[in-house]
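I opened this one to see how the chains meet and where the annotated positions sit. Notes follow in the order I looked things up.

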Number of protein chains: 4
Amino acid sequence: MSGVWGNKIKLSIFGESHGKAIGITINGLQPGIELDLDYINKEMERRAPGNSELTTPRKEKDSVDILSGFFNGKTTGSPLCAVIHNTNTQSKDYSRTKDLMRPSHGDLTGYIKYGGFNDYRGGGHFSGRITAPLVFAGAICKQILESKGIVIGSHIKRISTIEDESFNMVDLKEEELKELTKDAFPVLNKSVEAGMKEAIVKAKDEQDSVGGVIETAVLNLPIGLGEPFFDSVESTLAHLLFSVPAIKAVEFGAGFEIAKLRGSEANDEYYMDGDKIKTSSNNNGGILGGITNGMPLVFKVAVKPTASIGKAQNTIDIEKREVSKIEIVGRHDPCIVPRALPVIEAVTAIAIFELMQ
Amino acid sequence: MSGVWGNKIKLSIFGESHGKAIGITINGLQPGIELDLDYINKEMERRAPGNSELTTPRKEKDSVDILSGFFNGKTTGSPLCAVIHNTNTQSKDYSRTKDLMRPSHGDLTGYIKYGGFNDYRGGGHFSGRITAPLVFAGAICKQILESKGIVIGSHIKRISTIEDESFNMVDLKEEELKELTKDAFPVLNKSVEAGMKEAIVKAKDEQDSVGGVIETAVLNLPIGLGEPFFDSVESTLAHLLFSVPAIKAVEFGAGFEIAKLRGSEANDEYYMDGDKIKTSSNNNGGILGGITNGMPLVFKVAVKPTASIGKAQNTIDIEKREVSKIEIVGRHDPCIVPRALPVIEAVTAIAIFELMQ
Amino acid sequence: MSGVWGNKIKLSIFGESHGKAIGITINGLQPGIELDLDYINKEMERRAPGNSELTTPRKEKDSVDILSGFFNGKTTGSPLCAVIHNTNTQSKDYSRTKDLMRPSHGDLTGYIKYGGFNDYRGGGHFSGRITAPLVFAGAICKQILESKGIVIGSHIKRISTIEDESFNMVDLKEEELKELTKDAFPVLNKSVEAGMKEAIVKAKDEQDSVGGVIETAVLNLPIGLGEPFFDSVESTLAHLLFSVPAIKAVEFGAGFEIAKLRGSEANDEYYMDGDKIKTSSNNNGGILGGITNGMPLVFKVAVKPTASIGKAQNTIDIEKREVSKIEIVGRHDPCIVPRALPVIEAVTAIAIFELMQ
Amino acid sequence: MSGVWGNKIKLSIFGESHGKAIGITINGLQPGIELDLDYINKEMERRAPGNSELTTPRKEKDSVDILSGFFNGKTTGSPLCAVIHNTNTQSKDYSRTKDLMRPSHGDLTGYIKYGGFNDYRGGGHFSGRITAPLVFAGAICKQILESKGIVIGSHIKRISTIEDESFNMVDLKEEELKELTKDAFPVLNKSVEAGMKEAIVKAKDEQDSVGGVIETAVLNLPIGLGEPFFDSVESTLAHLLFSVPAIKAVEFGAGFEIAKLRGSEANDEYYMDGDKIKTSSNNNGGILGGITNGMPLVFKVAVKPTASIGKAQNTIDIEKREVSKIEIVGRHDPCIVPRALPVIEAVTAIAIFELMQ
């Protein structure tokens, strides 16, 4: 069923892109946690649209209204519900093309699943906008994790075919990760940044879009998070990562490449670093037997190119059941990778937080 | 928490590799379903060890004893519990190396998570053997799905660096899929089979191991399975797939490759095939907005090389906390890809069955 | 954990009595259900305060704002979130007595459970006011059930020691039940009404309060709802009924009285009424083996006297940890039975709706 | 759905009275807990049949076989599955009356719910025998609770119309409770015991049965267990209590009687007993706002008279859909109260254990 996730914490999400509001209720937060609202707002801004020429001009403030579970600056231990009111909604943009199912979107599947009763405006409950409440929940989890020394950071590993370097999975520095979170377009090798941005602008100019890959790392996790069956770290993370619209692939550690190695190459050998147990390689991305092993947790996700493009495409009119052309004229990102990145970090924080309860 | 999965059906798994028995309880099966026990046994045999020179010589019958929920050849609607007794366990193999944490295994993470109280023999609850009950549950789901016309099939897409062709995601034939399930080493392009097997035997001879990639497809799914948040088809499948030991990556449709395409290339355009809505490409692997769109559901998983190898490796002695050498002498598969394949199909069947409730 | 209930439908509740808003998110509603908002408002009014001399003068409009999951007058199938803004909150009433733990309230247990971080104003998340969102959710379930012919009705079985008659559990008329729902103070035997009201007013005049018993019936249920372990009809209903503040006892059918009978008296014998299977008595209250048997489902709940009274009581000051006197001066109902009645019906509707999915 | 219960611990139950085996899998037990198997067996014996003239002569050893999650005398942290093989099953007793729906049993509701595919022998999955695995799980929880100083005890409050005294809810002694658990027929006032037993034997001699009431108390609970919505202590306990066959009513503290009191009488006033906060009465049975308040937790349950009686009753033949007479000739308890008592304690232990996670 849609809408609720988690076992020890439970998230309940709601909202449609052009409805009254979107929001989330978080259950299971400890009482007495002081929330840094500036921190939360900064995370919200990282995801918010309209910040540069690389994103949609739809400018949305995304200011969060906490309705419950928060009193005198601290969590109460009761369910914390936060809503974001939808203000800048140009619903007319969408009603004209209501019956034209946008390729690569949830339009058709939503229409059939919900018998045509779904709120189609702006993608409705399928909109990437629904990730804003996840960023809010993630910002809370992230700051709690940080207070325990756990750091999450990401970079843009690829835009279209332009590749950044990969994280050094064995010896990843905390400072490096933290630095990345301040950057609206974080890459490890600065020399690839211009080319990546160019690819995005070029796609935009051609009424087209590009996708990419995000690589995320989590440092200073305790050994022992996760379960063998069925809530491995990979399962828990992947469940949330694949809930983020446009994510089509997830790989941990060396991922698909590990399958090319011999066991003797792939196996991460142990050694003692003082009184700490470490591995000399990290092809398993910090997870063994579904459980964290204390090494950096590292994974990559593939973000498909924005489905909404201005270029003419073949589609069908769902009412008439006949083929039609569609040229999408709304305000859309030519590449959602930079804005998806804080969402990936948010759901990572949520998943880790759940596993730590 | 470990052990229970599902919302509308609920699986409860248990067992350790060298304990008395392993098993599973399936909740939520409709009453009156006639179970084909031969079908189930055939699936169990596909996963069972000792069938060829490519697998471990540990010969285990894996015969299933159904304890409840099954009466007069049919499901009763009550919880169906099945156990597989562990018979051929050579526990002495393991006790000698109890304190030596096998690299790339769950030994260390399990030891620390469970404070050393876990059953270490043969990997205990982390053993690949625990997938046998999943194959049992999958065999039930699979035959119910087949009675509705839904077909699941897989092939070995890669062993080490030797690649098979990929499924034709747009025009995949039911017969082709069914044919694959009869083959113990299914590939699309028969010319790669010998090379793949050779790579496995060579690794075995060198006390080493290889990994690979499995590609799985599901045909004839109705449109509308899955949910936008948080139980997308990708989330539901990935949750179970990443519970299977050794799986480190999952990609749907074009997966990581879709991120290299422009939106105009990646988007799957619609057309009418008679009264059926189809897409002319299938880069999304049959899933849009987290929901099935009626096209073939296609995904790939990466299987890491068997962690247990005879070659000497560096590890630590967990009691002494010092470095040691380990040469694993138990009976292990040089490549678990062929035996992992029916497990992948089984959890696919389980996930689809859950989504169809 | 607090906040989420249900398996096939899932409710997520939130809010504090004097916070910004209270509300609920309902997951699992079918798309395309036309909601009768007048019907919902009427149910909200049944629970709302300030309607007569028998209730608190706190006048609260309780108007519901549906934020999501509702489009063009119909459910969309996505999570439906509704909030009720808190408007008439006199927080000053409460701050003065913040450290005085009101006897028979959740003040002390909440304070200790949440380490003093709970929102203490007006009972916070423990307030009876939090049942308003349950009435909203119940009103939706109730109208869906009614469209299937299922009718829920209740009467005040007892106020203090003044007893009404009991439902005729064998031959209960649909019209009679429906009639009861129109009455703000429903009793079967009209002659007891005046005495009951007098008892309430007398208690009020003496700065005291009274409790009572509510009897509820559900007609036209199909045979087969509920499960043997662990989600019997009794379990599912009792779980929600005991979530309603002030409920301390629940009995089904003849309840505690059935335990006084011999088996030969207690057993409900079967007979055929045309092609319908019926029982000639209904001591089991329409539930056998945890499952509905098609007879009227009947149960009673005990509502304790309002804990907040004006009369002086001994209590402790939680900060000073010393004994103190308390005279509660807020606006409180001398008897919550009439307002609890629609809440009991609401959670009954929710429980039945869950069991019917 | 049937079969799984719990949030932080999860129980998965299975089995039919005359199938191969019944059992339970417990998820969420901490690793390293030493289990006292004698303690467990003693609890199993308390519930086992055939111990006196008051129970069924069906003699069943109920020896438990732990299949997993238990290694070297301690829990491993993995799912712990235990089975009890059905040995003394006289299935022929039942097949003769297969189509005759026993009044007050789950025969009819089970038949219709499961479309006639349920295992009808001896009540199948509806049998009281299925509570044996609950007693096993409860025995584990109980000994863990005891190691934390928490004590559970019960007495027979009523058989038929013969009443025992009630617990002193304010000043209940630990030793008194412990003493009760050693008694196969525990009452507070020894003078009522003979009359109670006589009532049972008389009912048996007349091919009839009697019911009764059990009162249970839990001492030394910490303040703060339970949640306001929806997992109050009352909700959590009642959910499991109403899963036990034959339980038709549950009341906490003064229960239905509290509704007869004025607020000024019912409210439990606070005082300081040294540095402990206590209440001078305990009408709320140790639970306020759904949360334990540190006072003795006390509740009563009503057990209906055994449904299976030798006396002739009217019933229907479900195949022929016509009225018939039934005289049940199997081996049945004339009163299940004494054997239900350890089951009530077991599910109490399970519920408390869940709330303490």
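I started at Ser127(A), which, leaving aside neighbours within four places in sequence, is in contact with Ser17(A) and Gly122(A). For contact I used C-beta atoms, placed from the backbone, within 7 Å.

Before going on, a note on the source: this is a predicted model, where local features need pLDDT of at least 70 and side-chain atom pairs count only at pLDDT 80 or more, while totals for chains, interfaces and linings use all residues. Residues are numbered from 1 along each chain as its sequence is written, and chains are lettered from A and ligands numbered from 1 in the order in which they are written.

I placed Ser127(A) in the loop between α3 (107-113) and α4 (131-147) of chain A. Helices (H or I, at least four residues) and strands (E, at least two) are DSSP runs, numbered from the N terminus. Is Ser127(A) buried or exposed? I put it down as buried because it has 23 C-beta neighbours inside 10 Å; the cut-offs are 20 or more other C-beta atoms within 10 Å for buried, 12 or fewer for exposed, and partly exposed in between.

**The annotated set**

I checked the record: an unreviewed UniProt entry places the feature "binding site" at ten positions, including Ser127(A), Lys304(A), Ser308(A) and Arg331(A). These positions are spread over 207 residues of sequence, and in space they reach up to 44.3 Å between C-alpha atoms. I keep in mind that such annotations may be inferred rather than shown by experiment.

Next I went to Ser308(A), in the loop between β16 (297-303) and β17 (313-317) of chain A. Ser308(A) is buried too, with 25 other C-beta atoms within 10 Å. Not counting residues up to four places away in sequence, Ser308(A) touches Arg102(A), Ile328(A), Gly330(A) and His332(A).

**Chains A and B**

I then looked at the interface, where 88 residues of chain B are in contact with 88 residues of chain A. The chain B side has 40 nonpolar, 32 polar and 16 charged residues.

Which strands join across it? Strand β11 (residues 247-252) of chain A runs antiparallel to β11 (residues 247-252) of chain B, with three bridges between them. Ala249(A) stands opposite Glu251(B) there.

I superposed chain B on chain A with a rotation of 180° and 0.0 Å of shift along the axis, at RMSD 0.0 Å. The two copies are therefore related as by a two-fold rotation axis.

Notes
Two residues are in contact if their C-beta atoms, placed from the backbone, lie within 7 Å. Ala, Val, Leu, Ile, Met, Phe, Trp, Tyr, Cys and Pro count as nonpolar, Asp, Glu, Lys and Arg as charged, and the others, Gly among them, as polar. Two strands pair if DSSP finds at least two bridges between them. Copies are superposed by least squares on the C-alpha atoms of residues with pLDDT of at least 70 in both.
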